[in-house]
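The entries follow in the order of the checks.

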Amino acid sequence: MEVRDNLEELEQTIHQACKRSGRTRDDVNIVAVTKYVSTNKALEAVEAGIFHIGENRVEGALEKWEACKNKVAFHFIGTLQSKKVKHVIGKYDYFHSLDRLSLAQEMQKRCQDGEKVQCFVQVNVSGEESKEGLDEKEVMNFISELKDYPAIEVIGLMTMAPFVEDPENARPVFQRLRHLRNEIRDKGFAHAPCRHLSMGMSNDFPIAIEEGATFVRIGTQLVGKEE
Ligand SMILES: *Cc1c(COP(=O)(O)O)cnc(C)c1O
């Protein structure tokens with residue numbers, strides 16, 4: 001399947017999910033996750049009209065970044081070791097996995113002249129041990145502590161739902177992230193406008209959209225998977 005055809009199908013599904021939940025299509029951004037595919041495939045996605053590219057490894061993404069950098073926004077969606085922050089700052093426009101102050105501190109150190117990193121705080125809503133992210137109950141405190149790091153702007157929350165056979169079963173996870181987002185947004189922190197929700201992947205994105213996702217991260221269903 002060509003990326004263009006996949007995108008057309010994806011668009012229809014997104015439109016329907018928006019319609020079912022009374023949302024506007026323009027409020028949902030597609031992040032094409034290209035971690036499984038070649039630079040050419042990533043370029044194909046860009047040509048098909050994709051404006052956001054997501055990658056989870058600094059090294060693996062360099063070639064794609066070089067090829068696509070002036071055409072799209074780059075999203076870092078993986079776990080990041082503090083020592084690799086220097087490779088991310090200045091290259092990536094969004095960072096989806098902020099979950100500890102040591103990382104914020106390193107970002108602060110690497111950002112110069114009022115440069116800011118647009119971050120999502122990653123939350124482990126389901127509590128699965130294998131998942132990264134903060135406990136729901138730690139999030140508010142963590143975000144208030146981030147005010148001491150002016151380079152960090154918390155634009156939203158991110159989660160990965162557990163993989164379930166029926167995506168309907170992931171709905172409570174998305175709902176909880178939305179409620180938490182609302183709670184934080186309503187605090188009106190200057191450093192944490194927290195308007196966005198990064199949630200939903202190939203298997204569960206329609207449900208995530210119904211529950212308020214503003215960034216869906218789609219790999220397999222859009223660009224496929226290459227070995
Ligand atoms: C790989 C990945 C995705 C995309 O997964 P698909 O199931 O292929 O859509 C989304 N988010 C994160 C954090 C990922 O690591």
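A cavity here is a set of points, on a 1 Å grid over the protein atoms alone, where a 1.4 Å probe fits but cannot get out. Points are joined across faces, edges and corners, and the volume is the space filled by probe spheres set on them. I counted one cavity of 30 Å³ or more.

The model is predicted: local features need pLDDT of at least 70, side-chain atom pairs count only at pLDDT 80 or more, and totals for chains, interfaces and linings use all residues. Residues are numbered from 1 along each chain as its sequence is written, and side-chain values use heavy atoms, with hydrogens and water left out.

I listed the cavity lining (residues with an atom within 4 Å of a point): Gly78, Thr79, Leu80, Ser97, Asp99, Arg100, Leu103, Gln122 and Glu132. By class I have two nonpolar, four polar and three charged residues there; Gly counts as polar.

Next I took the largest pocket, which holds about 580 Å³ of space. A pocket is an open set of points with protein on both sides within 12 Å along at least five of seven lines. I found 28 lining residues, with Lys35, Asn56, Ile77, Gly78 and Met160 nearest the centre. Helix 3 (58–68) and strand 8 (215–218), both DSSP runs (helices H or I, at least four residues; strands E, at least two), are the elements that give two or more residues to this lining.

Where does the ligand sit? I place the ligand in the largest pocket, the test being that more than half of its atoms lie within 2 Å of the grid points.

The side chain of Thr220 comes to 2.4 Å, a polar side-chain atom of Lys35 to 2.6 Å, and a backbone N or O atom of Gly219 to 2.8 Å. The protein covers 91% of the 390 Å² of accessible area that the ligand has on its own (Shrake-Rupley, 1.4 Å probe).

Methods:
Polar contact = N/O pair within 3.5 Å; in protein donor to acceptor, adjacent residues only side chain to side chain.
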